[in-house]
Amino acid sequence: MKMEGLLPIGSVVLLEKSSKRMMIIGYLQQQGDTQQVWDYVGLPYPEGYMGSERTYLFNHDQITRLFAIGYQDEEQFSFSTHLE
């Protein structure tokens, strides 16, 4: 699946080599120990937030399936354009 641009907050995706869906909750997060910047931070879906040790960093190219597109409005479109 080829998707262009960053997905909005609230989007639910499946990552390669995973059977658990993730809900996107943020963008461009830096991993503390390596300083690597990841496209997204997500939470297990449908469980949601269960502590900071259960948040996951991943890149756009790791997404293999899109289940739901998160909320979009003018503010989100403007923010997304700014990020890209």
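**A walk through the loops and strands**

Thr34 lies in the loop between β2 and β3. The strand names come from DSSP runs, numbered from the N terminus (strands are E, at least two residues; helices are H or I, at least four residues). This is a predicted model, in which local features need pLDDT of at least 70, side-chain atom pairs count only at pLDDT 80 or more, and totals for chains, interfaces and linings use all residues. Residues are numbered from 1 along each chain as its sequence is written, and side-chain values use heavy atoms, with hydrogens and water left out.

Thr34 has a relative accessible area of 45%, so this residue is partly exposed.

The backbone comes next. Most residues other than glycine have a negative phi, and most peptide bonds are trans. With a relative accessible area of 87%, Lys17 is exposed.

Leu28 also has a positive phi, near 45°, and is a residue other than glycine. Leu28 is placed in strand β2. Its relative accessible area is 41%, so Leu28 is partly exposed.

The peptide bond from Tyr45 to Pro46 is cis, with omega near 15°. To find Pro46, look in the loop between β3 (37-44) and β4 (56-58).

Now the side chains. Side chains of opposite charge can pair when their charged atoms come close. A salt bridge is counted when a side-chain nitrogen of Lys or Arg is within 4 Å of a carboxyl oxygen of Asp or Glu. How many salt bridges does this rule give? The count comes to 1 salt bridge.

In this salt bridge the side chains of Lys20 and Glu47 meet, at 3.0 Å from N to O. The pair links distant parts of the chain, 27 residues apart: Lys20 is in the loop between β1 and β2, and Glu47 is in the loop between β3 and β4. Lys20 has a relative accessible area of 29% and is therefore partly exposed. Glu47, at 42% relative accessibility, also counts as partly exposed.

Note on methods
Buried < 20%, exposed > 50% of the residue type's maximum accessible area, 1.4 Å probe, protein only.
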